[in-house]
Number of protein chains: 2
Amino acid sequence: MRERGLLIVLSGPSGVGKGTVRKALFSQEDTNFEYSISATTRKPREGEVNGVDYFFKSREEFETMIKENKLLEWAEYVGNYYGTPIDYVEKTLSEGKDVFLEIEVQGALQVKNAFPEGLFIFLAPPSLSELKNRIVNRGTESEDLINNRMKVAKEEIDMMDAYDYVVENDKVEHACDRIKAIVTAEHCRRDRIAARYKRMLEVE
Amino acid sequence: MRERGLLIVLSGPSGVGKGTVRKALFSQEDTNFEYSISATTRKPREGEVNGVDYFFKSREEFETMIKENKLLEWAEYVGNYYGTPIDYVEKTLSEGKDVFLEIEVQGALQVKNAFPEGLFIFLAPPSLSELKNRIVNRGTESEDLINNRMKVAKEEIDMMDAYDYVVENDKVEHACDRIKAIVTAEHCRRDRIAARYKRMLEVE
């Protein structure tokens with residue numbers, strides 16, 4: 001029987017660059033975890049592809065998934081639903097593969113309740129002012145929406161204490177290196193592997 | 001004021017290759033921690049240099065260091081003393097640098113009592129039989145000594161539970177990669193950096 005995989009949850013405030021870091025991670029050859037694609041009711045941004053970046057759903061479709069318990073977590077965020085289809089996550093963990101979730105803070109907290117043994121990584125902005133610049137420069141949102149997001153982000157930064165690790169997104173490549181190091185280290189944790197190691201020794 | 005550095009303790013059973021892994025780690029350019037050289041009363045093996053591999057001491061010299069509390073830890077192991085001079089460790093941690101100790105299991109447990117906030121990594125053999133092969137192939141020890149070491153090593157493997165991480169020394173380069181990942185990850189631990197991060201946000 002294979003060991004169960006690790007559930008890796010990357011979250012952090014809006015605009016911090018979760019999606020950019022996730023894409024960079026999965027473009028690297030030595031990344032050996034499975035990405036779990038989220039479902040959302042928000043409209044695709046330019047370049048985003050259904051089934052690759054997100055599963056884009058109508059509100060009706062999403063609410064049906066909620067009712068049928070088909071989501072590991074879900075949240076309404078700035079007027080849209082975001083959530084994680086549960087079937088893929090369960091199947092992949094049971095195959096012994098690590099699953100990587102990139103989700104909003106509200107969803108991460110729900111996952112923590114359901115999977116406290118998961119690995120919770122908070123992607124942090126180098127500063128609040130830089131967070132603001134990033135949102136402004138994204139250029140696809142109104143001032144009101146940006147101010148709303150800033151307020152939400154300040155609240156979310158206070159949520160850092162719910163996480164196991166904090167990775168500052170000073171440079172995308174550095175953030176990726178740190179996330180990969182965290183996953184490697186977690187696989188070496190004594191409390192996860194001592195039992196397996198002792199079993200191995202007894203066999204010989 | 002700089003943050004205090006991490007004390008990284010690599011230990012594990014005799015013959016597992018602690019010294020080889022330590023040398024490989026410190027030959028790599030991206031290793032950015034300071035090595036703490038141990039003191040010992042055992043005789044230098046071929047190629048070992050005083051002040052590089054160990055500080056080689058007489059029993060009288062070593063016992064004076066014990067009496068004067070000049071050692072962070074010390075142990076008598078297979079008839080010889082091993083220990084860590086305390087001054088260098090304290091000075092380096094207070095400068096904000098990580099200190100790396102490679103020591104026997106008895107000494108690691110003493111360090112854990114004195115520095116529970118340290119990072120304790122157990123270097124594990126892929127199997128007990130391979131451990132035996134390594135000791136036999138070292139070719140510098142008698143059969144009696146080897147059998148004695150095997151007995152000690154079996155006891156030490158039971159000590160794994162005192163450590164934070166277990167790194168299997170299947171290949172030296174893999175072990176080095178895992179140790180570096182563990183140190184990187186520990187620097188990202190939320191409980192270590194959240195206070196600093198929040199302070200940084202408040203300044204701006």
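Modeller: Buried means under 20% relative accessible area. The structure discussed here is a predicted model.

Biologist: Does A:Tyr77 count as buried or exposed, and what is its relative accessibility?

Modeller: The cut-off for buried is under 20% relative accessible area. A:Tyr77 falls under that cut-off, so the residue counts as buried, with a relative accessibility of 3%.

Biologist: Which residue forms an aromatic pair with A:Tyr77, and how is the pair arranged?

Modeller: The ring centres are 6.2 Å apart and the planes stand at 75 degrees. Planes over 60 degrees apart count as edge-to-face. The pair is therefore edge-to-face. The partner, at 8% relative accessibility, also counts as buried; the residue is A:Tyr82.

Biologist: How many aromatic pairs does the structure hold?

Modeller: A pair of aromatic rings is described by the distance of the centres and the angle of the planes. Rings pair if their centres lie within 6.5 Å. Over all chains, the number of aromatic pairs is 20.

Biologist: What is the arrangement of the rings of A:Phe26 and A:Phe100?

Modeller: Their centres lie 5.4 Å apart. The angle between the planes is 70 degrees, so the pair is edge-to-face.

Biologist: How many residues apart in sequence are the parts that A:Phe26 and A:Phe100 tie together?

Modeller: A:Phe26 belongs to helix α1 of chain A, and A:Phe100 to strand β7 (residues 99–102) of chain A. Because the two residues pair, they tie together parts of the chain whose separation in sequence is 74 residues.

Biologist: Which residues form one aromatic cluster with A:Phe26 and A:Phe100?

Modeller: A:Phe26 is partly exposed, with a relative accessible area of 29%, whereas A:Phe100 is buried at 0%. The cluster that holds both also includes A:Phe33 and A:Tyr35.

Biologist: How do the axes of helix α1 and helix α7 of chain A cross?

Modeller: Helix α1 spans residues 18–26 and helix α7 residues 172–187, and their axes come within 9 Å. The crossing angle is roughly 65 degrees, which means that α1(A) is roughly perpendicular to α7(A). The handedness of the crossing is right-handed.

Biologist: How many nonpolar residues does the contact of α1(A) with α7(A) have?

Modeller: On the α1(A) side the contact is made by A:Thr20, A:Val21, A:Ala24 and A:Leu25. On the α7(A) side the residues are A:Val172, A:Ala175, A:Cys176, A:Ile179 and A:Lys180. By class, 1 residue is polar and 1 is charged, and the number of nonpolar residues is 7.

Biologist: What percentage of the residues in chain A is buried?

Modeller: Chain A contains 8 helices and 9 strands. Of its 204 residues, the buried share is 49%.

Conventions: Residues numbered from 1 in each chain as written. Chains lettered and ligands numbered in written order. Predicted model: local features only at pLDDT ≥ 70, side-chain atom pairs only at ≥ 80, totals over all residues. Heavy atoms only, no water. Axes fitted to C-alpha atoms, helices over the stretch in contact; angles between N-to-C directions. Helix = DSSP H or I, 4+ residues; strand = E, 2+ residues; numbered from the N terminus. Parallel < 35°, antiparallel > 145°, perpendicular 65-115°, else oblique. Left-handed = near helix turned anticlockwise from the far one by under 90°. Contact = heavy atoms within 4.5 Å. Nonpolar A, V, L, I, M, F, W, Y, C, P; charged D, E, K, R; others polar. Phe/Tyr/Trp six-rings, centres within 6.5 Å; stacked < 30°, edge-to-face > 60°. Buried < 20%, exposed > 50% of the residue type's maximum accessible area, 1.4 Å probe, protein only.
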